[in-house]
Amino acid sequence: MKRPTTIRFAGLFLIPFGLALLWPGPIPAAPLKVGGDAHFPPYEYLNQNGEPDGFDVELMEALARVMNLSIDLELGRWSEIRARLEAGEIDAIPGMIRSKDREVLLDFSEPFLTLSYAIFLRKDSTISSLAELRGRNIVI
């Protein structure tokens with residue numbers, strides 16, 4: 001895959017974003033317990049009515065309709081949702097950034113989205129690696 005180019009960058013991260021699953025066998029007949037981050041807009045968040053909303057939520061609901069699956073979708077604190085997935089209390093997370101460490105514990109679908117991050121520097125900057133950004137202030 002050809003990487004996009006930008007003028008003067010210190011790093012570009014292409015991160016596959018897909019469905020993370022942790023269950024040992026066939027899809028259960030009972031509703032799938034699906035969890036997500038309540039504070040990750042526009043992908044996963046609680047809307048003004050306190051209901052799950054966002055791209056990942058809509059994608060998971062569409063997938064459930066097409067596959068005729070029943071799902072219980074709950075958004076919460078990311079650390080708690082991750083712990084519940086790993087403990088087997090929930091079955092899937094619709095949007096998780098894939099990493100080698102996470103692949104040890106979880107199965108991932110083919111990515112449905114690639115997130116790109118770039119760091120832009122002034123032309124006269126002496127920074128040449130991500131490690132040199134440690135401890136510095138970054139403007140977003």
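The chain exposes about 9500 Å², of which carbon and sulfur atoms supply 55%; accessible areas come from the Shrake-Rupley method with a 1.4 Å probe, and for residues only the protein chains shown count as cover. This is a predicted model, in which local features need pLDDT of at least 70 and side-chain atom pairs count only at pLDDT 80 or more, whereas totals for chains, interfaces and linings use all residues. Residues are numbered from 1 along each chain as its sequence is written, and side-chain values use heavy atoms, with hydrogens and water left out.

Of the 140 residues in the chain, 31% are buried, where buried means under 20% relative accessible area, exposed means over 50%, and partly exposed lies in between (1.4 Å probe, protein chains only). Among the contacts in the chain with a separation of 6 or more, 65% are between residues 24 or more positions apart, a contact being heavy atoms within 4.5 Å.

The chain has 3 helices and 9 strands, these being DSSP runs numbered from the N terminus (helices H or I, at least four residues; strands E, at least two). Along the sequence they follow the pattern β-β-β-β-β-α-β-α-β-α-β-β. An open sheet of 3 strands has the order β3-β4-β5 with antiparallel pairing, and its edge strands are β3 (39-40) and β5 (52-53), each of which pairs on one side only. Two strands pair if DSSP finds at least two bridges between them; β4 and β5, which run antiparallel, are joined by 2 bridges, and Leu46 has Pro52 in β5 as its bridge partner.

Strand β4 (residues 44-46) also holds Glu44, which counts as buried because its relative accessibility is 0%. Leaving aside residues up to four places away in sequence, Glu44 touches Gly36, Asp37, Ala38, His39, Asp53, Asp56, Leu75, Pro94 and Gly95. Two of these neighbours can be described further. The C-alpha atoms of Glu44 and Leu75 are separated by 7.6 Å, although the two residues are 31 residues apart along the chain. The side chain of Glu44 reaches the backbone nitrogen of Gly95 at 3.4 Å, a polar contact being a pair of N or O atoms within 3.5 Å, where within protein one must be able to donate a hydrogen and the other to accept it, and residues adjacent in sequence count only if both atoms are side-chain atoms.

A salt bridge is a side-chain nitrogen of Lys or Arg within 4 Å of a carboxyl oxygen of Asp or Glu, and by this rule the count comes to 6 salt bridges. In helix α2 (residues 78-86), Arg82 and Glu86 lie 4 residues apart, about one turn of the helix, and they form a salt bridge whose closest N and O atoms are 2.5 Å apart. Arg82 is buried, with a relative accessible area of 16%, whereas Glu86 counts as partly exposed at 36% relative accessibility. The side chains of Arg84 and Glu89 meet in another salt bridge (3.4 Å, N to O); Arg84 is partly exposed at 23% relative accessibility, as is Glu89 at 42%. Glu74, Arg84 and Glu89 are linked in a network of salt bridges. Asp124 and Arg122 also form a salt bridge, with the closest N and O atoms 3.1 Å apart, and both of these residues are exposed.
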